[in-house]
Amino acid sequence: MTESQRWFLLIITLIMGALVYVLAPILAPFLVGALLAYLFDPVADRLEAAKFGRTGAVVTVFLFMTALLALTVLLLLPQLGRQIQVLLERVPMIIDLIEQRLVPLLESTLGMDLAAMDLGMLKSMLAGNWQQTGNLMAQLAGGITRSGLAVLAWIANLVLIPVVLFYLLRDWDLMMARIRMLLPRYLEPRVALWANECDEVLGAFIKGQLLVMLALGIIYAVGLWLVGLDIALLIGMLAGLASIVPYMGFIIGILVAGIAAFIQFQDPMVLIWVGAVFAVGQALEGMLLTPLLVGDRIGLHPVAVIFAIMAGGQLFGFVGVLLALPVAAVIMVLLRHLHQGYKSSTLYGSAQVAEVELLNTEADE
């Protein structure tokens, strides 16, 4: 690569970064649409291979997604709202449990004086606010309605997402081919190789890990519902979302479910059933879900995921969060190739290492 080609790539990268920074407030619906198009393009390709036209395949996928979203909203949103309300009403009981059980245990175990913790004031303040709250979802809807400009922007973004998704999904393969044709010829083979590796990393994480998260959320919610926990759906969704990092969903879910179950039933034996639910979920994840949905493809390290999401949010807000994982996948692939180049370079001493290994082999013979 010549010096002018390096400068060209650097300038293009800086321009793209500046555009993302400047246009961040309006990019969110386009990025969400692009992410959904990336996820559902393989489905459209399979329908197209099954004698559907491209537009017909996209319409079929689009109708399926719309029906699934509408069914989810109609079935889950009212239940979720009620369970959030139940959880809020039980926070004073949780504070009582902390005061009467946890604080004395910590004081006796650690020898610390925790009497300065004024949890009673917090409990009375929260209880007073909740008595005036009424229905949580109704208040939330009222607050959104009162800020007319915000709700108009929010509705515009929601309407824009399916429009962007439809056109991107319809033209996805054509756009990828045109982008590939626009690449400088000296870069096209290498960029195509990197793009395939990035797709493997993103596929392992987004297409695989997100399905694992969904399955775990369903398993935890159904299991806790069978136990009788009245906020099973809320805790299942929380544990499923936290499963974006391995074991975090299990840790957060079993702690929250254990506290909620003890508050509801006042029986330590119920903790055994809660533990059994999460043990079954972990066993299914390790033996079935991860091998089946993720396989042996190389994904992103959990620490890299956490750092990428936090760094993206800090730099570009919600748009940065959406861009975090694709950018992290690209950086991971580039670092892998940089590592391979370093191991084969004279800076690492690969020639000397090969010579030593050859001499050792001849000496053994």
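A residue is called buried when its relative accessible area is under 20%, exposed when that area is over 50%, and partly exposed in between, with a 1.4 Å probe and protein chains only. By that scale E285, at 11% relative accessibility, counts as buried. The structure is a predicted model, in which local features need pLDDT of at least 70 and side-chain atom pairs count only at pLDDT 80 or more, while totals for chains, interfaces and linings use all residues. Residues are numbered from 1 along each chain as its sequence is written, and side-chain values use heavy atoms, with hydrogens and water left out.

Helices here are DSSP runs of H or I with at least four residues, and strands are runs of E with at least two, numbered from the N terminus. E285 is placed in helix α9, residues 270-294. Contact means heavy atoms within 4.5 Å. When neighbours within four places in sequence are left aside, E285 is in contact with V212, L216, T290 and P291.

The next topic is helix packing. Axes are lines fitted to C-alpha atoms, for helices over the stretch in contact, and the angles between N-to-C directions run from 0 to 180 degrees. Angles under 35 degrees count as roughly parallel, over 145 as roughly antiparallel, 65 to 115 as roughly perpendicular, and the rest as oblique. A crossing is left-handed if the near helix is turned anticlockwise from the far one by less than a right angle, and right-handed if clockwise.

Helix α7 (residues 232-242) packs against helix α8 (residues 248-265) at an angle of about 160°, and their axes are 7 Å apart. The two helices are therefore roughly antiparallel to each other, and their crossing is right-handed. On the α7 side the contact is made by I235, L238, A239 and A242, and on the α8 side by M248, G249, I252, G253, V256, A257 and A260. For the count by type, Ala, Val, Leu, Ile, Met, Phe, Trp, Tyr, Cys and Pro are nonpolar, Asp, Glu, Lys and Arg are charged, and the others, Gly among them, are polar. The residues of the contact of α7 with α8 then divide into nine nonpolar, two polar and no charged. Helix α7 is mostly covered, with eight of its eleven residues buried. Among these buried residues of α7 are I235, A239 and A242, which also take part in the contact with α8.

Helices α6 and α11 form another pair. Their axes come within 9 Å and cross at roughly 125°, and α6 and α11 are therefore oblique to each other. This crossing is right-handed. Helix α6 contributes L193, W194, E197, C198, V201, L202 and F205 to the contact, and α11 contributes L325, P326, A329, V330, M332, V333, L334, R336 and H337. These residues divide into 13 nonpolar, one polar and two charged.

E197 and R336 also form a salt bridge, the closest N and O atoms being 3.3 Å apart. A salt bridge is a side-chain nitrogen of Lys or Arg within 4 Å of a carboxyl oxygen of Asp or Glu. Side chains of opposite charge can pair when their charged atoms come close. E197 lies in helix α6 (residues 188-227) and R336 in helix α11 (residues 318-343), so the pair ties together parts that are 139 residues apart in sequence. E197 is buried, with a relative accessible area of 15%, whereas R336 is partly exposed at 23%.

A search of the whole structure finds seven salt bridges. One of them joins the side chains of R54 and D41, at 2.8 Å from N to O. R54 is in helix α2 (residues 54-110) and D41 in helix α1 (residues 3-49), 13 residues apart. R54 is buried at 14% relative accessibility, and D41 is buried at 8%. Both belong to a network of salt bridges that links D41, D45, E48, R54 and D173. Elsewhere, D171 forms a salt bridge with R170, with the closest N and O atoms 3.3 Å apart. D171 is partly exposed at 24%, and R170 is partly exposed at 31%.

Two loop residues remain. K51 lies in the loop between α1 and α2 and has a positive phi of about 75° although it is not a glycine. At 80% relative accessibility, K51 counts as exposed. Q266 lies in the loop between α8 and α9, and its phi is near 55°, a positive value in a residue other than glycine. Q266 is partly exposed, at 48% relative accessibility.
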